[in-house]
Amino acid sequence: MGEWASFEGGIELITLPTGDAFYQSHLEKALRLKELLHAHQVRVLISPNNGYGISDFLLATRSSAVQIYYSHGNKAYHLDTLEGYMTHIAPTIGAYSESNLPYLGIFVPMLSFFYNPPLDAYSQHLIKKTRSFYVSNPDALILGTIGRLTKLDSLEFLHSVLEILHQVPQSVYLACGIGPNQAIQEKLEQLIQKHSLPPSLLERFKFVGYVDAHLYGHVIDLFLDTFPMQQGESKAEFSAKNKLVLTLSESTPQARQENFNAFVRTHMPAIQELCVAHAISLEDYQRYYHQEAQSVIAFSPKDYVGKALELLKLWQSPDRLQTMLEERSILRVITQKIKAKQSADLVVKYLEQLLG
């Protein structure tokens, strides 16, 4: 019925042979998967759904005793044959409610190899060559966003980008992705006229189309996250290269501080242990958090522009920039390890509860 392959940690992967045809029957795949689930007496099925009929079929026809819907965006998905709901796209780790459904939010870290593949000599050459295509001055700064252009289609965000370009003459902005170029171009022209900005700014706002996210993750110096619709995986890929992303927060400074304080209190022993392993103090860890929050998190469009300008000054002080990136890297490693362990423990308890 299928070929099984075992991996370290007890994970098994199955490949379903469905012939050599490019177009294959989703129903045939679904039926074979259903047979395998029953043959191996699978008790728990955690199935994602991004609009594909195979998952719909397996969940709707009751393929295991306990069925959990894993959301990758559609939080309103509901069937009478579901016992639970999980997602990594969550405002918190743990139980919460969304679309009137009881979700378990978890943190799922990506292996660094996938987000930040190693660079060989040719890749280094290609990065340098690509940068030179957009800026002739090696000291010029490249700002950019990688993702669907529909998320750029915001007057407040576009105005912020134009203001940053206006105040940093040695800079360009790369809009990387596919989407409504013409509509965005028209808004840029309207904003330039409305705010009496130089029309030449349009020449430095470049639509570059679909790009290799890993290549452009090294080409772009500062990632300008969009708002009110924020970027997703492309932002995570860029950040994983230990590079700076400026984001407009969806919460208040007070709420962010309270959440951080609660996180530290809850995980104090684990944080202290990891701090020792990284040769820093708890006070250092907390300081790293505050420094990052104050530099790369904005709370209004005006604050967004101001913090972008402050961040861009760091390129004039390479030592300060390097120190900030090193401290940020330690902060992320410690925080992600704790969140991953917390999520794993929660999933175990969640499954135990559903299994009775």
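Let me begin with Glu-327, which lies in helix H13. The model I am presenting is a predicted one. Is Glu-327 buried or exposed? Its relative accessibility is 16%, and because the cut-off for buried is under 20%, Glu-327 counts as buried. Leaving aside residues up to four places away in sequence, Glu-327 touches Arg-287, Tyr-288 and Gln-291.

Those contacts bring us to the packing of helices H11 and H13. Two packed helices are described by the angle between their axes and the distance between the axes. For H11 and H13, the axes come within 9 Å and cross at roughly 115 degrees. H11 is therefore roughly perpendicular to H13. The crossing of these two helices is left-handed. On the H11 side, the residues that meet H13 include Tyr-285, Arg-287, Tyr-288, Tyr-289 and Gln-291. On the H13 side, they include Met-324, Glu-327, Arg-328, Leu-331 and Ile-334.

Helix H13, residues 318–355, also packs with helix H10, residues 268–277. Here the axes come within 10 Å, and the crossing angle is roughly 140 degrees. H10 is therefore oblique to H13. The H10 and H13 crossing is right-handed. H10 contributes Ala-270, Ile-271, Leu-274 and Cys-275 to this contact, while H13 contributes Ile-334, Lys-337 and Ile-338.

I turn now to the aromatic residues. How many aromatic pairs does a search of the whole structure find? The search finds 16. One of them is formed by Tyr-173 and Phe-205, whose ring centres are 4.8 Å apart, with 40 degrees between the planes, a tilted arrangement. Tyr-173 belongs to strand E9, residues 171–176, and Phe-205 to strand E10, residues 205–209; the pair links distant parts of the chain, 32 residues apart. Both Tyr-173 and Phe-205 are buried.

A further pair, Phe-260 with Tyr-289, is stacked: the centres lie 3.7 Å apart and the angle between the planes is 0 degrees. Phe-260 sits in helix H9, residues 253–266, and Tyr-289 in helix H11, residues 282–296, so this pair ties together parts of the chain 29 residues apart in sequence. Phe-260 and Tyr-289 are both buried.

Pro-228 is located in the loop between strand E11 and helix H8. Elsewhere, a charge meets an aromatic ring: the charged end of Lys-75 sits over the ring of Tyr-103, at 5.9 Å from its centre.

Finally, the backbone. Which residue in the loop between helix H6 and strand E10 deserves a remark? Ser-196 is found there, and it has a positive phi of about 55 degrees although it is not a glycine. Its relative accessible area is 66%, so Ser-196 is exposed. Ala-279, likewise not a glycine, has a positive phi of about 60 degrees. Ala-279 is found in the loop between H10 and H11. With a relative accessible area of 73%, Ala-279 is exposed.

Methods. Residues are numbered from 1 along each chain as its sequence is written. This is a predicted model: local features need pLDDT of at least 70, side-chain atom pairs count only at pLDDT 80 or more; totals for chains, interfaces and linings use all residues. Side-chain values use heavy atoms; hydrogens and water are left out. Rings of Phe, Tyr and Trp (its six-membered ring) pair if their centres lie within 6.5 Å; planes under 30 degrees apart count as stacked, over 60 as edge-to-face and the rest as tilted. Helices (H or I, at least four residues) and strands (E, at least two) are DSSP runs, numbered from the N terminus. Buried means under 20% relative accessible area, exposed over 50%, partly exposed in between (1.4 Å probe, protein chains only). A charge sits over a ring if NZ of Lys or CZ of Arg is within 6 Å of the ring centre and within 35 degrees of the ring normal. Axes are lines fitted to C-alpha atoms, for helices over the stretch in contact, and angles run from 0 to 180 degrees between N-to-C directions. Angles under 35 degrees count as roughly parallel, over 145 as roughly antiparallel, 65 to 115 as roughly perpendicular and the rest as oblique. A crossing is left-handed if the near helix is turned anticlockwise from the far one by less than a right angle, and right-handed if clockwise. Contact means heavy atoms within 4.5 Å.
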